[in-house]
Structures are given as C-alpha cells and as structure tokens.
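Trainee: Could you walk me through this one before I start using it?
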Amino acid sequence: MRLPVKKTYKLYIGGSFPRSESGRSYEVEGANVALASRKDLRDAVRAAREAFPKWAGMTAYNRGQVLYRVAEMMEGRREQFAELTGSEAEVNSAVDSWVWYAGWADKLGQVLGSSNPVAGPYFNFTVPEPTGVVGVVAPEEPALSGLVARLAPAIVGGNAVVLIASEHRPLAAVTLAEVLATSDVPGGVVNVLTGRKADLCPVLAGHMDVNAIDLAGVDGDRAELERLAAENVKRVVRNGEGQSPWHAAAFLELKTVWHPIGV
Amino acid sequence: MAQAPVLPRGFELPLEPRLPRIGSVDQVAVEERAADLSRRSIKRESKLFALDLAVRMMDLTTLEGADTPGKVAALSSKAMRPDPSDLTVPPVAAVCVYPNLVPHALERVGDSGVKVASVATAFPSGQSPLEIKVEEAALVAEVGAHEIDMVIDRGAFLSGNYAKVYDEVRRVKEVCGEAHLKVILETGELGTYDNVRRASLLAVAGGADFIKTSTGKIQPAATLPVTLVMLEAIRDVYEETGRRVGMKPAGGIRYAKQAVQYLVLLNETLGPEWLTPDLFRFGASSLLNDILLQIRKEKTGRYQSPDYFTLD
Amino acid sequence: MGSPAVKQDRSLVPSAFEYAPAPESRDVVQLEKRYGLFIGGEFVEPRSGEFQPSISPATEEPLADVAYADAEDVALAVTAAREAFDDGWSDIAPAERAKYLYRIARILQERSREFAVLESLDGGKPIRESRDVDLPLAAAHFFYYAGWADKLEYAFPNRTPRPLGVAGQVIPWNFPLLMLSWKVAPALAAGNTVVLKPAETTPLTALLFCDVLRQAEVPPGVVNIVTGDGRAGAEVVKHPDVDKVAFTGSTEVGKEIQRAVAGTGKKLTLELGGKAANIIFDDAPLDQAVEGIVNGIYFNQGHVCCAGSRLLVQESIYEQVIAKLKRRMGTLRVGDPLDKNTDVGAINSKAQLDRITELVAAGEEEGAEIFQPPCRLPEKGWWFAPTVFTNVAQSYRIAQEEIFGPVLSVLTFRTPDEAVEKANNTPYGLSAGVWTEKGSRILSMAQQLRAGVIWANTYNRFDPGSPFGGYKESGFGREGGLHGLEPYMRLE
C-alpha cells in the first residue's frame with residue numbers, strides 16, 4: 001500500500017510559502033493549516049507595499065494577460081479544486097471570474113475615465129489609478145468562488161492585496177495561492193493569510209499602511225472594524241454580490257489633470 | 001579666475017565657439033532607438049574586428065581605496081599583454097588609476113604605448129573647493145599622466161549653477177598641459193536625458209576632449225540610451241563647429257556583447273571615422289576578460305571557461 | 001528594378017563593420033501547394049475553378065496557388081456565415097464567445113514566429129516589423145475584443161446591443177494579418193459572423209489563420225475566408241444577405257463601395273487613404289523627431305495609410321532637420337525582408353512599384369529636388385530606395401496624392417497657424433504628427449488638426465484600445481477601443 005505524501009498548508013507572502021512566524025497552526029478540513037499572527041500580517045502588508053509599484057506600473061494589457069493565465073492554471077487543476085469545494089459549478093464560476101475580470105484590465109480606463117469639457121481653454125481628463133494596498137476579508141462561503149469574486153476586482157486595476165481566507169474552509173485559498181504562484185503574478189501582489197478572523201481582521205482594519213479594505217467576509221461586528229479603518233481614512237469597500245467593473249472601481253482613485261491649450 | 005565670460009545663472013553659451021542649442025531629448029524615443037540598435041547582428045568577421053577594437057579602446061581601471069603599487073603593477077601587465085597565450089590580442093588603450101598610483105603605473109607601462117589616465121578633482125564626488133581640485137589636476141599632469149578624468153560638480157549643476165560647472169572645466173583644462181581631458185558627467189545623478197545633454201554641451205564648451213558617463217561608483221552607470229544622447233550631442237558639436245570630441249561610457253559594461261552593442265551605436269550615430277581609441281573608450285575592468293573569452297571562442301569555435309584567463 | 005535615380009553599389013557602412021545577414025529561417029512555415037476557399041469550417045474547391053499564385057515580392061518567387069472566388073463562391077460563403085449566425089453563434093453565452101476569441105489570441109501568440117515569417121515572405125515587410133509589430137498587435141486585438149464580448153452592456157449604457165448578422169469584410173495588403181484581426185475580432189465579439197476577403201497579393205496569413213480557427217475549435221461558418229481579387233471583393237460587398245460592410249483600402253475603391261451599398265441599408269465603415277502631415281516645431285527634440293519622421297514614412301516601406309508622408313518643418317530649423325534626415329536615411333538598410341537587420345523591405349507588388357515610380361517622376365518633373373541615399377538593391381524583386389523631396393510646393397502631385405511608398409515630401413511653415421492650414425489643406429484626414437516640447441501647443445494643434453489620429457512626439461503607434469479612423473475622404477467609423485464595437489452592433 002502506498003502512503004500518500006500529505007500537503008503542508010502554509011501562508012502565501014511575498015511570493016513564497018512561509019509558515020506562520022508564530023509556529024502555530026490549527027486543524028481544519030482534516031489538515032493542519034498555518035495560524036497567521038499579527039506579525040505575519042505585518043509582513044504581508046510590507047510585501048504588498050513593495051510589490052505594488054511594479055504591478056501598478058505594468059501595462060493594463062499585461063495585467064489582463066496575467067489574470068487570464070491564472071484562469072488557465074486553475075483550469076488545469078479543476079479536479080483538485082472540485083474535490084476541495086465539492087462543487088464543479090463553483091470551480092467553473094471561479095475560473096470564469098478570472099476570465100471576466102482579465103478582460104476588464106485594459107477597459108477600465110475607457111469606462112471609468114473621461115475627458116471633461118471644462119469652461120476654459122484647458123484640456124481636462126480623468127484617469128483611474130490603483131489606490132495601493134488593499135485588505136480583503138474573504139467570505140466563509142463559498143470558500144473558492146466567493147474569494148475570487150473579491151480578489152480579482154481588487155487586483156485587476158493594479159492594487160496589491162492582503163487577503164484573509166475563510167476561517168473554516170481555508171484549503172481552497174491556499175491551493176489558489178499555489179495557482180497564483182505559477183501564473184506570472186509577481187510575488188507580493190497577492191498575499192494569503194489563514195487563521196482566526198477575530199485576531200486578524202482588527203489588525204488589518206487598523207493598519208496604517210493599508211489604503212482600502214473589503215469587509216465582505218466579516219460576519220460579526222463590522223462597525224468596530226470600520227471605526228479602526230477611519231484612523232488613516234481607509235476606503236471601506238462595500239461591493240455587493242456578482243461581478244461588475246464597479247467592484248473594481250471601488251479600489252481605484254480618480255485623478256483629474258488640467259493643461260492649457262494654446263500656441 | 002579664468003578669462004571665461006561671466007555667465008549669468010540662466011546659462012548662456014559663449015558665442016565663440018558656436019555651439020548647438022541645448023534643446024531637449026525625448027525619453028521614450030531615445031530608449032527605443034537604443035534598444036533597436038542593440039538588436040543589430042553583425043557579421044562574424046566584423047565581430048572579431050569589433051572585439052579587437054574594444055580591447056584597443058579599453059581604459060583598464062582600478063579605483064579602490066585599497067589599491068597598492070602591487071595591484072597597479074598587475075593591472076598594467078595585463079593592460080600591456082591581455083592574453084599571454086595569444087599575442088595577436090593588442091594592448092589596451094590605457095590604465096586608469098588614482099593620482100597616488102600614477103608614478104607606479106607610468107613606471108610599469110614604460111614606452112609600451114599604453115597610456116596612463118588618472119582621475120582628479122576630488123573623484124568621485126567633486127565636492128571640494130575648486131582650488132584643491134585644480135591643484136590636484138595640475139599635479140597629476142606634472143607627474144606625467146597622459147590623460148586626466150575629472151568630475152563635474154553635480155551639486156552645482158543640479159542647483160542651476162551652470163556657470164560654475166563650465167568654469168571648473170575651463171580651469172582644469174588650463175592646467176592639463178599635454179594631457180587630454182575627460183569630463184565625467186555622472187549621468188546616474190543627473191536625473192533626465194535633457195540634463196545629460198545640457199551637461200555634455202557644458203563640458204564641451206569648457207574644453208573637454210572626451211565626455212564620460214560615470215565614475216563607476218554609483219548605479220546607474222553607463223547605459224545605451226545615455227550613451228546615445230551623449231553621442232548625439234557630440235555629433236551636433238561636430239556638425240556645428242567641426243570639432244571632434246570623444247566619448248567614454250564607464251561602469252556597468254561587463255560583457256563583450258554589450259561592448260559590441262556600444263560600438264554599433266557609435267557606428268550608426270557618428271560613423272566609421274569614430275571607431276578609434278582616439279575618440280571612444282570603454283571604462284571597465286571585468287569586461288576585458290569577457291572579451292578575451294569571446295575572441296578565443298570566435299577563433300577556436302569553442303565556448304570558453306573563465307579559468308583560462310588571468311585575474312589581475 | 002529600382003528607381004532611375006538610385007546610385008549603385010556603394011554601402012555607407014565599412015566592410016570592417018558590416019551587419020551580417022541575419023536571416024530568419026523559412027522552415028518554420030509549412031505551406032501547402034494549393035489553397036481552396038475556407039467556407040463552413042473547411043477548405044473547399046472554388047466553384048470558379050480559378051487559381052493564381054501568390055508571389056513573394058522580394059524574390060518574385062511563387063509561394064502557393066490560391067483560389068480566386070467568383071460570385072457563386074461568395075454566395076456560398078455568405079450562406080455559411082448566415083447559417084452559423086442563425087444556428088447559434090449569436091446565441092452562445094457571451095462569456096463562452098469570449099473564450100473562443102481568447103483562444104485565438106493565445107494561439108497567435110504561440111505561433112507568432114511562424115506567422116511573422118509568412119507575413120514577411122508573402123508581403124515583403126521586414127521580419128523585425130512583422131515579428132515586433134504585426135503579430136503582437138494582432139494577438140492583442142483578439143485579446144482586447146475577447147474582453148468586450150461579455151461586457152457589451154457596459155460599452156453602451158442604457159441600450160441593448162445586438163449583433164448585426166453577417167459582416168462582409170475586405171482588407172488590404174499592407175498589414176494582412178493585423179487588418180484581419182482589426183476586422184474579425186470586434187465583429188465576432190459583437191456576435192456577428194464574417195466573410196472576409198483578403199487582399200489579392202497577400203492571402204497566405206489569412207489562409208494560415210484558418211488553422212488557428214481549427215485549433216481554437218471555432219464553430220464552422222463563423223469565419224469564412226474567400227480569397228481572390230477585386231471581383232471577389234465586389235461580390236462580398238454587394239451580396240444582399242450581408243448586413244455590414246467593412247473596407248480598408250484606397251479612397252478610390254472606398255467610394256465605389258459606398259456607391260454600391262447606397263440605398264441598401266447596409267451598415268458601412270471605410271478606412272481609406274491619407275496624406276498625413278508630420279509637423280516639426282523648432283523646440284522639438286530634434287534627433288528623436290528625425291527618428292519619428294523616418295518611422296513615419298519608411299516604416300513598412302511607406303505602405304501605411306496613416307504614413308507621415310508630408311513633412312512640415314518649421315523654417316527656422318529646416319537646414320538642420322534636413323541634414324539630420326538625410327544622414328539618417330543613409331543608415332537605413334533596404335533588403336531581404338527575412339533578414340533581421342533589414343529596415344526597409346520590398347514593395348508589395350509590381351503594380352505598386354510602378355505607381356510609386358510614376359509619382360516620383362512626376363515630382364522631379366514638377367520641380368522638386370530629390371534625394372536618395374546610396375542603396376544596394378537586390379537584382380530580383382520589387383524595390384524602391386527611401387526617397388525625400390525638398391522644395392515641394394503644396395500643389396505638386398507628390399504633396400497631394402497618396403504615394404503609398406517610401407517617399408517623403410518636405411514643406412516648410414513659419415507659424416503654428418500656417419502649419420495647421422497646410423496640414424488641413426487636403427481632402428484626406430486620417431492622421432497627423434506634432435513634434436514640440438510645449439504641452440499647450442500639442443493640445444492646441446491636436447484641437448485644430450482635422451485628422452482622426454494625432455500623434456504627439458511619436459508616430460505610428462497602435463493599440464487595440466486606441467480608436468483609429470479618419471476624417472473626410474480618409475473614411476468613417478473607428479476601429480479599436482470601445483468605439484470600435486459600435487460599427488458592429490445594432491443598439492436598441
């Protein structure tokens with residue numbers, strides 16, 4: 001009888017898979033999963049901040065290609081994901097989400113931006129820009145497609161993300177991190193932490209170097225987290241269900257530029 | 001003070017000799033053009049010619065606080081005979097050392113034809129009083145250095161004091177005597193290609209025989225686009241006045257392939273008359289061995305190992 | 001052979017520093033001896049029974065025999081397209097339709113070397129261009145429009161966008177595969193099916209594209225390729241079951257097409273000729289501006305509708321610019337399109353070469369001064385040395401008519417107003433270039449120039465997200481960007 005080699009479920013930070021600096025784990029879904037600490041979260045935010053300029057500086061076309069590649073890699077691992085989630089439909093939905101958002105990368109500017117006719121001899125235009133480092137709390141269910149529905153719109157516009165996975169069903173998130181690691185996503189653009197939301201969410205919400213936060217996956221007291229977020233005027237994102245370019249827009253700033261027209 | 005006309009803060013070029021307008025440089029276009037030229041592929045026979053030329057154009061350099069007579073002796077031997085197992089490989093153009101090591105270098109190279117270049121003017125920062133810098137240059141010239149590599153005062157340049165930059169080049173040129181003067185712009189500190197062009201023209205106006213990209217002490221050092229900008233300034237000077245000023249990219253050129261790309265750039269921008277050590281030099285140290293490797297590879301057909309080439 | 005004014009044989013580059021021929025291997029391309037028409041998802045024999053060879057313009061060598069469609073063939077193709085449309089292409093879930101287009105994009109990326117070599121072989125353009133410009137852009141076009149296929153409601157807020165049906169598309173020989181992608185990608189993204197007629201002299205990459213359709217498993221009949229000459233194009237245009245006509249080519253033919261569809265209710269877009277002004281102000285970064293001039297007119301041998309074929313240079317810098325330009329022209333390498341060092345390739349056909357030669361002769365006759373750098377032109381094939389005319393008057397034929405070759409006409413101006421006046425003084429209006437350091441002047445010129453594409457401090461830049469198309473007799477409708485969807489949709 002052949003003994004299978006069991007997978008170790010670690011964190012995904014800065015493009016690598018470290019264990020928690022605390023050395024702790026918790027048992028869930030039949031495996032030991034890293035229990036991220038506040039220091040891990042600190043490291044993740046740092047990694048995201050470092051990765052942000054490069055990701056934001058890539059052409060939108062390039063970013064779109066990377067997201068499409070994530071879909072390609074996920075497609076190749078359908079069975080593994082189906083086993084984890086117990087639902088092929090959920091896997092399909094997740095893969096198709098990546099494809100959908102990939103197609104938005106080089107179109108957000110056209111739909112969200114504008115040239116604005118002002119009352120004077122000026123050329124005036126508005127462009128969307130990524131806000132920076134975004135915190136995302138993934139919903140408990142559905143563990144995979146719910147996560148992707150929050151993650152893809154956050155990064156398509158050029159942001160870097162620190163994501164807190166489903167606490168009770170984290171394996172899909174870690175497996176997704178493996179897909180990201182093989183999809184030309186630069187290290188640090190997405191960071192995945194597993195562990196207790198009660199411990200991690202307040203740290204994320206209060207972190208002064210995080211620019212925006214999506215609290216979709218928070219079941220309990222959102223108000224306290226929103227209060228913590230106010231300390232550095234974080235953008236608190238409340239995207240609804242489904243997919244929309246406006247979900248991506250929630251993580252984008254708008255910059256308006258003036259220039260005189262004359263000889 | 002020199003006879004130079006007093007230049008107002010806004011920087012006016014002296015009318016005599018006439019120099020081209022400063023103008024500006026488009027970053028996107030210049031980087032694209034440099035990248036385009038770097039993809040040219042030259043004939044095998046031309047490659048050997050280019051590699052041989054690159055050796056003849058090299059200023060073999062050591063500029064470390066830890067340099068000793070022994071180190072300089074070894075470097076000079078290498079300079080005179082880069083590949084003892086292949087005597088068809090020519091000597092390099094020059095060795096480049098700190099002022100204290102000039103006498104030792106001179107003794108070593110003797111009348112082999114290899115020149116001795118020395119840095120001067122508070123290299124690499126240039127942040128010393130002018131009189132000290134001029135005196136250092138004068139001393140180095142007196143001791144017999146054939147070439148002097150000075151640095152411009154970047155602090156003065158970046159604060160808009162172009163007159164000071166120009167004046168310092170003039171003063172140093174005056175004390176060079178027979179020695180030819182290279183002026184280091186330290187392009188990595190200048191920030192924009194516009195500034196590189198402006199600094200190039202300033203240095204030329206001040207009397208530079210060569211303009212040089214870098215001290216090699218900071219990043220970025222020489223790059224193909226920066227070199228292209230400087231060559232275009234040189235071309236404009238030549239078109240306008242007939243005067244030929246040389247160019248030296250220094251620092252960051254480690255591989256023979258890069259050296260060939262620089263030569264292609266030179267050939268395309270200024271033409272074949274400029275493919276000579278009198279008008280173009282490479283400031284490098286480890287580049288030489290890579291070139292020797294490539295020369296031997298071209299001659300024998302085999303990829304080489306660094307073990308077979310001396311480290312001096 | 002080359003033009004009469006070409007001096008022979010002396011190369012400007014010393015033999016000591018010659019560029020090696022760096023030929024891209026032809027082996028990567030497998031050509032059939034003969035190609036039928038691609039209708040209903042497979043290659044079929046033409047009812048016309050007619051085949052003609054496609055010739056390599058660099059060597060005059062026949063590459064493959066290609067079917068010439070007649071009216072009956074075109075009718076079959078349109079029927080196939082209609083069936084594919086009715087049978088489900090327009091009903092497939094948009095997200096799935098998108099996936100076909102993504103597949104096409106990825107396959108083009110994977111096979112880009114093969115396509116680039118074939119493009120250069122069949123059309124004459126340098127491999128560096130087909131490899132670095134044509135192929136990446138073609139793939140990008142499919143990728144870009146794939147993304148719109150399931151997002152059309154965001155492109156047209158408050159409207160219900162629907163496909164038109166069958167699109168009949170006729171494309172030119174200057175960017176064969178790229179023009180195919182400009183036509184097919186938005187049409188398919190919008191839910192239409194296509195009958196496409198490649199140019200007579202450059203059918204091969206379109207035919208190879210059929211293999212990409214096979215690999216991508218695109219349903220039969222969605223894209224149909226009918227090769228042939230002008231007659232086949234005319235049949236595509238006038239077929240009553242074609243809902244939308246898209247044409248890129250000469251203004252002359254464009255007018256014929258517009259006449260042909262008059263009164264039929266067919267939607268029409270035309271992308272026609274140009275005589276773009278490339279305007280250089282005295283504060284322009286000069287060396288880069290010269291690169292821009294050269295790129296504007298010698299890129300793709302000047303076979304570009306938006307080519308900067310008129311140089312408008314501010315008089316105060318005239319001498320300097322011309323000197324730099326002539327010097328730079330001397331370093332252009334004309335030669336084997338498959339050589340990676342080649343800058344300027346072959347003229348696409350004998351007919352085009354004759355036209356260029358005729359117009360250049362007219363230029364000399366009218367009194368303009370001609371300059372061509374010494375050029376070693378190959379014995380076989382169709383070639384023309386890069387040419388610049390100075391002392392050109394606005395009224396000369398070479399300043400008015402589109403030459404579509406590597407020939408630049410130089411005029412001068414004194415003030416921005418004069419530049420605008422001269423630039424706009426043409427029935428064309430496709431593109432223009434402006435070179436100046438001053439931002440406000442860029443915007444002011446952009447505002448006043450009557451052209452659909454304005455390049456400031458750059459030239460000949462294309463992107464699938466950037467709408468392209470002309471004013472006046474350069475045509476109407478836009479390709480690329482969100483705006484490129486509208487011509488293929490019915491908005492309810």
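Trainee: What are the ipTM and pTM of the model?
Mentor: The model scores ipTM 0.90 and pTM 0.91. This is a predicted model, in which local features need pLDDT of at least 70 and side-chain atom pairs count only at pLDDT 80 or more, while totals for chains, interfaces and linings use all residues. Residues are numbered from 1 along each chain as its sequence is written, and chains are lettered from A and ligands numbered from 1 in the order in which they are written.

Trainee: Switching to chain A, at what angle do α2(A) and α4(A) pack?
Mentor: Helix α2 (residues 60-76) and helix α4 (residues 88-102) of chain A, both DSSP runs of H or I with at least four residues, pack at about 165 degrees with their axes 8 Å apart. The axes are lines fitted to C-alpha atoms over the stretch in contact, and angles run from 0 to 180 degrees between N-to-C directions. The two helices α2(A) and α4(A) are therefore roughly antiparallel, a term for angles over 145 degrees.

Trainee: And which strands form the open sheet in chain C?
Mentor: The order is β1-β5-β4, with mixed pairing, where strands are DSSP runs of E with at least two residues and pair if DSSP finds at least two bridges between them. The edge strands are β1 (34-35) and β4 (50-56) of chain C.

Key. Angles under 35 degrees count as roughly parallel, over 145 as roughly antiparallel, 65 to 115 as roughly perpendicular and the rest as oblique.
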